[in-house]
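Please examine the sequence and the three-dimensional structure shown below. A short report on selected features accompanies them.

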Amino acid sequence: MTKITIHLFDAYERKKMIFCCISIGCIIVYYIMPFVIFRENSIITIIDNLEIDLVMHKVYNTYNLFFKFDVPTKSYNEISSLYYSFATFNFQSLIFAMLDDFTAYIVVYIFSLIFGIVSMYILMSRIFKFSFYINISISLLYSVIPTLPSYSISISVLPLIIFLFHYFAFQQNNIFSWKVLLLAIYPFFSRFAEIGFFILGFWLLGAIIVSIRLRRLHVNLFTGFIALCIGYIIVDLRLFYVMLILKEPLNRSVLSSLPITDTTVLLGNSFWFFKQYLSYGHFHTPYMAGDIIWPLALVITCVILIRTVILLNNRHGRVTITGIKQAIAQMDDKFKVLLILECIVVLFSCLAGISRSGLLTPFIDKYIPILTGFFWGRIFFLNRVFLYLAFALCLQILLDNCFILLRDSRDVKKMEMCEISSKFFVSILLLLQFFTLASANVQYNDATHTWIYQKHKLFSSFSKYDNDFFSAEEEYNVTYKDFFAKDLFAEIKKDINYTDEKVVAFGFSPAVLTYNGFNCIDGVINFYPLRYMQDFKKLIAPELEKRKWEKDDFYSWGQRLYLFNSAFDEYKFYILPTPNKDIPPATLNIDMDVFKNYFHGKYILSRAEISNADALGLSLAKRYFSADSIYTIYLYKAV
């Protein structure tokens, strides 16, 4: 009997191992192999990614700035490194400091997948006790949600911090544990501005609640809070130095200066954003729960609630408060947790919608000025964990209770069919959610975009037709190599014997110039001194006076320091550049006196011929064209 038991146990373990290997193998092939095979010919999302995060890391790596605290940088008119908010002293920045930019980018991506799988698996297996197959499947799904790379590791390890809180909060005794000091390491894998603020807030709130219930101070939770605070201060030292020591007004201080004042419109916007955050998320991390997860959760919730009401009615003849309390007490713990998670997601989505709409902005500006310019609606990042936990709960409830009538039968075959059917249905739901994530035409789903792009290239090379059927989406047909065009700009630097003269870009992203080692006046940066924004406004004032939307957008944040122009659509030329080289001449409207005498600018690199170059006092040095580049660059020199 013992030998048979051991044999069955070994067979079960082998099945689990095979399932793990196949699942992880599929993830590796689909999500990692395209970047290994195609390297810099991969499609990598530009918006808020290549144009900001990677460029900042590139500058830090090129000029060895990682361990330097406050030094001038070769960009934004030699702005201090203090304002490169993405280059903190964390794990991701360390990888970029050690490796070349593209390799570091892929290594960070791989680590985000690993951390997402491991941390979610730990949370689910140690606390919720789901079946092994649900643990693995949901962990894999959680890890592959398209996410802005600069946030990816921070969000990947979110389940781990939830597990750690639970671990320390529910220990059998309240004796101090040295392990809680290890929480100081956690911020090394996180980011304060995006998610750390909420981690600290909820950890402190949880510590207070647990202490009240225990009627004594929970030493480990409060010690853990202090350890986390110390870790975040060390990791984000530049950010805290700017906020608390320099106290210099930043561009984000005008982020709340929204032109909409109509309360009805703001309420409408709040509701619209609420629906978006509830089911889809934000384009930085679209968890896409609207097609499978929410419908399943709502159906299960409604079925169980209706069943509970029917049982109460049959038992008591009518529904009473006492009966409801008894029914709730008798409910399965999984269903109770499911209800709590659903309520939390609704609450967080509501808060995020209100924050995004600006409904409470006047109140915050007046009574909580320290939060001015801070997007506290980022609390929706936590929805990603709670929604996929809710999905796991729904699947486990299906496995435990699906076809309940058949389960009560004494017919063994019917019971076996019931079990097989429930497992098959759960597998279908998991696969449908995986295909929803993998096939989504959204930013940061770069593996899918790369596969489509490379398939398009393969088929179009064998076809005599234009082959529109296999064409990738227009906004995802610029590769990493195309965007930065290193060879083209290296040629320009060599021709002019470039030695850090100030330059600007016209008709394409300034991030390209910064990446290639130019000292740019313009660019894309999340926070920087307000005075620099006001100075740049003087440079582009002639154009802003003609374009109300760009003027309002720039005045209410100023993240994108561009030479705006009606000839160039901001989205197609600056954010997601078109490969089209046939661009007509354009008029440049800037204050040349500010350009030359204040910013000391010398070169303007334009993607189109500047029609009023003579009037501006610009001399065309050379036109650069390459069949291998998406850019045609006109190099102008200020005379």
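The report that follows describes a predicted model.

## A nonpolar surface patch

Six side chains are grouped here by name: Phe176, Trp178, Leu181, Leu182, Ile185 and Val219 form a nonpolar patch on the surface. Together these residues have about 590 Å² of accessible area.

## A pair of helices

Two packed helices are described by the angle between their axes and the distance between the axes. For helix 14 (residues 333–357) and helix 16 (residues 383–401), the axes come within 9 Å and cross at roughly 155°.

Angles over 145 degrees count as roughly antiparallel, and helix 14 and helix 16 are therefore roughly antiparallel to each other. The crossing of these two helices is left-handed.

Tyrosine 76 is not a glycine, yet its phi is positive, near 50°. This tyrosine is located in the loop between helix 2 (46–62) and helix 3 (91–98). With a relative accessible area of 6%, tyrosine 76 is buried, since the limit for that class is under 20%.

Asparagine 497 is likewise a residue other than glycine with a positive phi, of about 50°. Asparagine 497 has a relative accessible area of 60% and is exposed.

Key: Residues are numbered from 1 along each chain as its sequence is written. This is a predicted model: local features need pLDDT of at least 70, side-chain atom pairs count only at pLDDT 80 or more; totals for chains, interfaces and linings use all residues. Side-chain values use heavy atoms; hydrogens and water are left out. Patches are made of residues with over 30% relative accessible area and no salt bridge: like charges are joined within 9 Å, nonpolar side chains (Val, Leu, Ile, Met, Phe, Trp, Tyr) within 5 Å. Accessible areas come from the Shrake-Rupley method with a 1.4 Å probe; for residues, only the protein chains shown count as cover. A salt bridge is a side-chain nitrogen of Lys or Arg within 4 Å of a carboxyl oxygen of Asp or Glu. Axes are lines fitted to C-alpha atoms, for helices over the stretch in contact, and angles run from 0 to 180 degrees between N-to-C directions. Helices (H or I, at least four residues) and strands (E, at least two) are DSSP runs, numbered from the N terminus. Angles under 35 degrees count as roughly parallel, over 145 as roughly antiparallel, 65 to 115 as roughly perpendicular and the rest as oblique. A crossing is left-handed if the near helix is turned anticlockwise from the far one by less than a right angle, and right-handed if clockwise. Buried means under 20% relative accessible area, exposed over 50%, partly exposed in between (1.4 Å probe, protein chains only).
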